[in-house]
Amino acid sequence: MQKKVHNDVAGDADGLNIDQHDQYVWRLAYFDPVTQLPNRTALTETLTVLQAIMQHQVSEPLPPFFRGSSESKDADSCAFQLPENLHHLSLLLINIRRFKEVNDNYGLDIGDRLLSAIGQRLQGQVEAGKLVARTANDEFAIVLPETAGIALPLAIEHVKMAFMEPFYIDEHRLTIDAYIGAAQCCELTQKQATEHANLFQHASIALDYARQVETQSRIYDASMGRKIRYRQNLIERLKTAIYQDQLELVYQPQFSLTTGDLVGAEALCRWHDETLGYVSPLEFIPLAEERGLIRALGDWVIQSAVAQLQDWQRDGLPPPGLLSINTSAQQFDTPYMVDYFLDRTRAISAEHIGIELTESVMMRHPEKSMKLLQRLREHGFHVAVDDFGTGFSSLAYLSRFPVTSLKIDKSFVEDMETSHDHFTLVQTIVAMAKSLGLKTVAEGVENHAQERLLEQLGCDATQGFLRGKPVAANEFAQLWLSQ
Ligand code: C2E
Ligand code: MG
Ligand code: MG
């Protein structure tokens, strides 16, 4: 049936009679010219009508997709036969993994032919009466009437089989796999009808979750929706907090293990939202990275740390030695952050401010980040490797990176008294840092025993709850800068 409607989707409108012209326009509106499958509009209309059937509320006339190219005839040319009654309905959204790479590596023509082949395989995988559509560039959908409950995971596994064999396009052998998000609904009371309308949205949320799991498929459940809404709310509020100056920096002191003097501080970002309460940076920093807010947040941190140093100076207080600010991966994707940092810190002596970055940030684009760090070093700014020991920086790289200190991760410090392995690791890091001419700062030092061990090993400085928790600027000044 579908073949019949598809024949001249991509054809030419010239020279057609009125009926043919109608049909041409109808096909253009409802079918994807690449795969010859129904498109997103067709899918939306199909779901609307199926949901109406489920609620016994079908109103005539049906949407144009079901009326075909002309209302009087062509009824059989519609791609999908509507059932009389419907009790269950499921929708699968299938996203082709890394499809862009196929386009980039082999060109658009191969990409298009692959999509077409995928469409055919998917159609071959489902029985008659189920609609296969192409809903976006690399996304397909399958509508499964009367499929729900235990039948749904089985249907998903069945669809996955479409990707088990490679695709052959010309001389290319293409191994493709896909993420699948699924959602289902059943006959409803009127009250539940709003939930009902969201089948596509639910499958789309499940698809996001599918991207994070090994099985690559997930079926929507209500908790997913709540989490997504929470995150959406969080991101909106975070955006406001950044742009309306509602974030705060707190400062945690660092002390020399030889003299006991204050030698530095780390600026840590805090967000207290009036309805959500305290939100941990472990939650909002990754979210800001994911949603493209890290540049704005990073700028705010640089600007606020510089302003704080200037405030302390204006109040006649000494600087806290070296003030370090944290940086994130995306801030090293372009030279922007380094430019911004160099610009904003012009009035500050380089020995009083520096940055921290983790090994994974350094290793993301080693050559690029090396150049950016080099620029900071040329201006005399300090660069510390944060959470050292948890990443995978190679020694060869470490010796070439223009860094000035290593911050030993708190997970090693935490149990160095009880774990021989961790003790040895800390010992090795300190020895290695010395031989590379780098300073060491131990993070998360919570008791005297840890501090004594670190001192014996020759670690330079300590940062942790034992000597000082992160506190607001005023309190920091009172406690550590005013003597
Ligand atoms: P980090 O840079 O490794 O910061 C040290 C974290 O350890 C801080 O957590 C600090 O409060 C905590 N800490 C310090 N001493 C102790 C201790 O003795 N025991 C224990 N258990 N914890 C201790 P916080 O403030 O929650 O920050 C978590 C992470 O969030 C930071 O880890 C950093 O990666 C990130 N972060 C915080 N502020 C910023 C920022 O302004 N920009 C960026 N990009 N990341 C930030
Ligand atoms: Mg840090
Ligand atoms: Mg750290």
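The C-alpha centres of domain 1 and domain 2 lie 48 Å apart. This is a predicted model, and the legends below walk through it view by view.

**Figure 1. The whole protein, with its two domains.** The domain assignment places domain 1 at residues 31–220 and domain 2 at residues 232–481. Secondary structure amounts to 20 helices and 17 strands. Along the principal axes, the C-alpha trace spans about 90 × 55 × 45 Å. The protein has a radius of gyration of 30 Å, whereas a compact globule of 483 residues would have one near 23 Å. Of the 483 residues, 49% are buried. Among contacts with a separation of 6 or more, 68% are between residues 24 or more positions apart.

**Figure 2. Strand S6 and its two partners.** Let us start with strand S6, which covers residues 178–186 and is mostly covered, with seven of its nine residues buried. Strand S1 (residues 88–96) runs antiparallel to S6, and nine bridges join the two. To find your place in this pairing, look for Ile94, which stands opposite Ile180 in S6. Strand S7 (residues 217–219) runs parallel to S6 and is joined to it by three bridges. Here a handy landmark is Gly181, with Arg218 of S7 opposite. As you follow the strands, keep in mind that side chains in a regular strand alternate between the two faces of the sheet.

Figure 3. How much of strand S11 is buried? Four of the five residues in S11 (residues 322–326) are buried, so the strand is largely enclosed by the rest of the structure. Strand S9 (residues 262–273) runs parallel to S11, with four bridges between them. In this pairing, Ala265 faces Leu323 of S11. Strand S12 (residues 353–358) is also parallel to S11 and is likewise joined to it by four bridges. Ile325 has Ile355 as its bridge partner in S12. Between S11 and S12 the chain passes through helix H13 (residues 336–344), making a right-handed β-α-β crossover.

**Figure 4. The magnesium ion (ligand 2) and its protein donors.** Which residues hold this ion? The protein donors are Glu266 (OE), Asn326 (OD1), Glu356 (OE) and Asp386 (OD), at 2.0 to 2.2 Å from the magnesium ion (ligand 2). Read along the sequence, the donor residues follow the spacing E-x59-N-x29-E-x29-D. Asn326 belongs to strand S11 and Asp386 to strand S13 (residues 382–388), so this pair ties together parts that are 60 residues apart in sequence. Asn326 has a relative accessible area of 29% and is therefore partly exposed.

**Figure 5. Gln36, a loop residue with positive phi.** Most residues other than glycine have a negative phi. Gln36 is a residue other than glycine, yet its phi is positive, near 65°. Where does Gln36 lie? Look in the loop between helix H2 (18–30) and helix H3 (40–54). With a relative accessible area of 24%, Gln36 is partly exposed.

Figure 6. You will find Glu146 in the loop between strand S3 (139–145) and helix H7 (151–160). Its relative accessibility is 39%, so Glu146 counts as partly exposed.

Key: Residues are numbered from 1 along each chain as its sequence is written. Chains are lettered from A and ligands numbered from 1 in the order in which they are written. This is a predicted model: local features need pLDDT of at least 70, side-chain atom pairs count only at pLDDT 80 or more; totals for chains, interfaces and linings use all residues. Side-chain values use heavy atoms; hydrogens and water are left out. Buried means under 20% relative accessible area, exposed over 50%, partly exposed in between (1.4 Å probe, protein chains only). Two strands pair if DSSP finds at least two bridges between them. A crossover is right-handed if, with the strands pointing away from the viewer, the path from the first strand over the helix to the second runs clockwise. Domain bounds come from an automatic or database domain assignment. Donors are N, O and S atoms within 2.8 Å of the metal (3.2 Å for Na, K and Ca); water is not among the atoms, so sites may look incomplete. The radius of gyration is taken over C-alpha atoms; the globule rule is 2.2 Å times the number of residues to the power 0.38. Contact means heavy atoms within 4.5 Å.
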